[in-house]
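Open the model in your viewer and keep the selection panel at hand. Each stop below gives you something to select and tells you what is there.

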Amino acid sequence: MNNENENIKFDCSRGCTVTRGQNDELNCTYRRGCCKLEDYDWLHGVGQEQYAPYFEVRFKNTRKGIYRNDSGQSVKMGDMVIVEAQSGHDLGIVTLEGPIVGRQMKCKGIDPATYEFKRIYRKAKPFDIEKWQEAIAREQDTMIRARQIAAELGLEMKIGDVEFQGDGTKAIFYYIADGRVDFRQLIKVFAEEFRIRIEMKQIGARQEAGLIGGLGVCGRELCCANYITNFKSITTGAARAQDLSLNPQKLAGQCGKLKCCLNYEVANYLDAQSRIPRVSEPLEFEDGPAWLVKTDILREIMYFSYEKGSLANIYALDASEVREIIKMNRNGIRPESLKYEPEPELPEFVTAVGDDSITRFDTVSKKRKKKGGSGKKGENRQGGQGQKGHRPSKQNEGQQPS
């Protein structure tokens, strides 16, 4: 069993497992769940002939596209196929088929009537898969050597990843750079060093973190590596809207940029802030002015104190009540006192202690007490000889046993 596991190689960047048979035959199997761009085929089994020739083909990391099957062969999800490329051919894995591909084309704005689809030539043969694996084995060494060459030329850039084409004649170099980089000399050196065609593609710091992966401060997998595909701009305004401390060390992620999760709850905070009045001056009461100390945005509760900047004695008011008090102050009316204002109703705290107990489903049986009985048990209840501390009732006091 251990020998079989050692022969299995998991290529999560492409979503497949590679094994060697007894005759040294190479086998590649599609493995779902490795790609963050994987789509669930919720239309599986639904037949629509208009989308029958279209398939989604995946390559390394998040690169995939829609291809048209003109080979005449029967292609299904999980097959290794040889597809058309700009120069030569490439090898990919079919990840979607059927009407769900039409949904994907609609999301990407692809019109089947006018779009020029690249073709699927045929299914991959063992020779094609062998050549593909040989090209994949060169990627790591090529990336390390490419970084050394870029450093020797003094270019301010970083090679993040390298992807070889299926036929091994072309490679895509993913790089990160803050400014413009002159690639003329670099491409010449790469072509002489690696003897392949070169394509340079720039990616951002967040995309690089998604390729590398890792764990965030929350203890979970990085969002950019798990599911985020479209990276939106993130500003410090999102942190201000949530009343967060503008500490760069806490707001920055592993990529050095602002965390993507800062945008998750901004809409909820902005919606709650729209119902919270702006308090620029203290509220006027008969017993003195009250200053705003802090605000609970999501619960829409505002805390005031009679001492400016003090957190010793604070009083909670609902945002709607604060709005009414502001209107009263504008009309020259002062409420009696903030101290007599009822505290706003807060959600009750429900404890989860005991929910994980294995006896929580057991029914507690209640024993019924018998009022009467015969024999010794009845004598003990009536005479009190069998119970400690039993006193006779008042009705029986003074009666002598017959």
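Select Glu139 and Phe164. The Glu139 side chain reaches the backbone nitrogen of Phe164 at 3.0 Å, a polar contact (N or O atoms within 3.5 Å; within protein, one able to donate a hydrogen and the other to accept it; residues adjacent in sequence count only if both atoms are side-chain atoms). This is a predicted model: local features need pLDDT of at least 70, side-chain atom pairs count only at pLDDT 80 or more, and totals for chains, interfaces and linings use all residues. Residues are numbered from 1 along each chain as its sequence is written, and side-chain values use heavy atoms, with hydrogens and water left out.

Stay on Glu139. Glu139 sits in helix 4; helices (H or I, at least four residues) and strands (E, at least two) are DSSP runs numbered from the N terminus. Is Glu139 buried or exposed? Its relative accessibility is 7%, so Glu139 counts as buried (buried is under 20% relative accessible area, exposed over 50%, partly exposed in between; 1.4 Å probe, protein chains only). Now show its surroundings. Neighbours within four places in sequence aside, Glu139 is in contact with Arg14, Lys60, Val162, Glu163 and Phe164, contact being heavy atoms within 4.5 Å.

Lys60 lies in the loop between strand 4 (54–58) and strand 5 (64–69) and Glu139 in helix 4, so the pair ties together parts 79 residues apart in sequence. Lys60 is buried, as is Glu139.

Another one to pick is Asp128 with Arg122, at 2.6 Å, N to O. Asp128 is buried at 10% relative accessibility, whereas Arg122 is partly exposed at 25%.

Strand 2 (residues 16–20) pairs with strand 3 over five bridges. Thr17 stands opposite Thr29 in strand 3.

Now go to Met200. Which residues have the most contacts inside the largest nonpolar core? They are Met157, Ile159, Phe173, Phe190 and Met200, in a core of 21 residues (buried Ala, Val, Leu, Ile, Met, Phe, Trp, Tyr and Cys joined through side-chain atoms within 4.5 Å). Helix 4 gives this core its largest share, four residues.

Finish on the four-strand sheet. It is open, antiparallel and ordered 12-13-14-15. Strand 14 (residues 301–305) and strand 15 are joined by five bridges, and Tyr303 stands opposite Ala316 in strand 15. Helix 11 (residues 319–330) packs on the sheet, touching strand 12, strand 14 and strand 15.

How values were computed:
Two strands pair if DSSP finds at least two bridges between them. Axes are lines fitted to C-alpha atoms, for helices over the stretch in contact, and angles run from 0 to 180 degrees between N-to-C directions. A salt bridge is a side-chain nitrogen of Lys or Arg within 4 Å of a carboxyl oxygen of Asp or Glu.
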